Amino acid sequence: MDVGAVLIAITGVAGTLGGALLTQRGADRAKKRELEMAHAIQDARDNRELRRSCYTQLHREARQFATALSRHLYVLRDRTLGREDVSALEGVKDAYRDRWSEALMVAPDAVIVSASELNGALTGVYGQIKRLEQGNPRPGETLQSAAEAQHALWFLTGVMREAMRRDLGVTADADEEAARRTPLAPSGSPIALARDFTEPLDDPDC
């Protein structure tokens with residue numbers, strides 16, 4: 001038997017088997033990369049939907065909290081608070097607090113910055129209103145000052161909303177300055193709101 005021919009035949013078989021093995025390994029690696037990419041895409045989609053749901057709820061609860069603060073101010077102005085009035089405000093506040101806690105776990109820093117500013121303003125107005133409710137306001141705190149602070153919440157809500165929309169890719173960064181100049185659904189003008197809580201003058205003709 002020709003030893004050279006045998007060696008050539010063995011080498012050919014080994015090369016064929018080796019090539020097939022390498023091809024299979026390459027296909028396995030490609031399949032693994034495809035699966036990893038598919039998982040990454042799905043994870044990104046899931047994360048985006050999680051943020052969208054969280055943002056929608058936080059935005060809604062923030063607006064409801066701001067509205068409840070306004071309503072509470074009018075009750076303080078017009079009549080004695082009842083237990084149901086206090087419970088209503090506390091319930092809205094607690095619902096907002098829960099959404100805010102969730103947002104802290106899923107929102108990126110760019111959203112947290114504007115949301116934190118609104119959160120600080122909301123809790124500040126709430127604290128001021130509660131001190132007025134309890135008859136223990138700090139110097140300078142009046143129904144009018146609380147009403148003015150409450151009105152400013154709408155602008156901050158609009159800024160937070162635009163940060164959320166940019167994170168979700170539904171608005172462009174170029175809209176940022178316009179958003180900062182435009183309050184979100186204000187409940188009347190600041191002048192009219194302040195007039196509602198201005199102490200009546202002694203002379204009605206003034």
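In helix α2, the buried residues (under 20% relative accessible area, with exposed meaning over 50% and partly exposed in between, for a 1.4 Å probe and protein chains only) are Asp-85, Leu-89, Lys-93, Tyr-96, Arg-99, Trp-100 and Ala-103. The model is predicted, with local features needing pLDDT of at least 70 and side-chain atom pairs counting only at pLDDT 80 or more, while totals for chains, interfaces and linings use all residues. Residues are numbered from 1 along each chain as its sequence is written, and side-chain values use heavy atoms, with hydrogens and water left out.

**Overall architecture**

- The protein has six helices and zero strands, where helices (H or I, at least four residues) and strands (E, at least two) are DSSP runs numbered from the N terminus.
- In sequence order, these elements give the pattern α-α-α-α-α-α.
- Of the 206 residues in the protein, 30% are buried.
- Contact means heavy atoms within 4.5 Å; among contacts between residues at least 6 apart in sequence, 78% join residues at least 24 apart.

**Helix dimensions and ends**

- The expected span of a helix is 1.5 Å times one less than its number of residues.
- Helix α2 has 24 residues and reaches 36 Å from its first C-alpha to its last, close to the 34 Å expected.
- For α3, the end C-alpha atoms are 35 Å apart, in agreement with the 36 Å that its 25 residues should span.
- Helix α4 (residues 143-168) contains 26 residues and reaches 38 Å between its first and last C-alpha, close to the expected 38 Å.
- Gly-169 follows α4 and has a positive phi, near 80 degrees.

- Two packed helices are described by the angle between their axes and the distance between the axes.
- Axes here are lines fitted to C-alpha atoms, for helices over the stretch in contact, and angles run from 0 to 180 degrees between N-to-C directions.
- The axes of α2 (residues 83-106) and α3 (residues 109-133) come within 12 Å and cross at roughly 160 degrees.
- This angle makes α2 roughly antiparallel to α3, given that angles over 145 degrees count as roughly antiparallel, under 35 as roughly parallel, 65 to 115 as roughly perpendicular and the rest as oblique.
- The crossing of α2 and α3 is left-handed, meaning that the near helix is turned anticlockwise from the far one by less than a right angle, whereas clockwise would be right-handed.
- On the α2 side, the contact is made by Val-86, Leu-89, Glu-90, Lys-93, Tyr-96, Trp-100, Ala-103 and Leu-104.
- On the α3 side, Ile-112, Ala-115, Ser-116, Asn-119, Leu-122, Tyr-126, Lys-130 and Glu-133 contribute.
- By class, this contact of α2 with α3 has 10 nonpolar, two polar and four charged residues; Ala, Val, Leu, Ile, Met, Phe, Trp, Tyr, Cys and Pro count as nonpolar, Asp, Glu, Lys and Arg as charged, and the others, Gly among them, as polar.

**Packing of α3 with α4**

- Helices α3 and α4 pack at an angle of about 160 degrees, with their axes 9 Å apart.
- The angle makes α3 roughly antiparallel to α4.
- The crossing of α3 and α4 is left-handed.
- The contact of α3 with α4 comprises 18 nonpolar, five polar and two charged residues.

**Ala-115 in α3**

- Ala-115 lies in helix α3 and is buried, with a relative accessible area of 2%.
- Leaving aside residues up to four places away in sequence, Ala-115 touches Trp-100 and Met-160.
- Ala-115 and Ala-103 are 12 residues apart in sequence, and their C-alpha atoms are 8.8 Å apart in space.

**Two arginines of α1**

- Arg-60 is found in helix α1 (residues 3-78) and counts as partly exposed at 37% relative accessibility.
- Arg-60 and Arg-99 are 39 residues apart in sequence and 9.5 Å apart in space, C-alpha to C-alpha.
- Arg-77 also belongs to helix α1; at 36% relative accessibility, Arg-77 counts as partly exposed.
- Not counting residues up to four places away in sequence, Arg-77 touches Leu-143, Asp-196 and Phe-197.
- Arg-77 and Asp-196 are 119 residues apart in sequence, with a C-alpha to C-alpha distance of 9.0 Å.

**Pro-137 in the loop between α3 and α4**

- Pro-137 sits in the loop between α3 and α4 and is partly exposed, with a relative accessible area of 37%.
- Pro-137 touches Arg-131 and Leu-132, not counting residues up to four places away in sequence.
- Pro-137 and Gly-127 are 10 residues apart in sequence and 9.5 Å apart in space, C-alpha to C-alpha.
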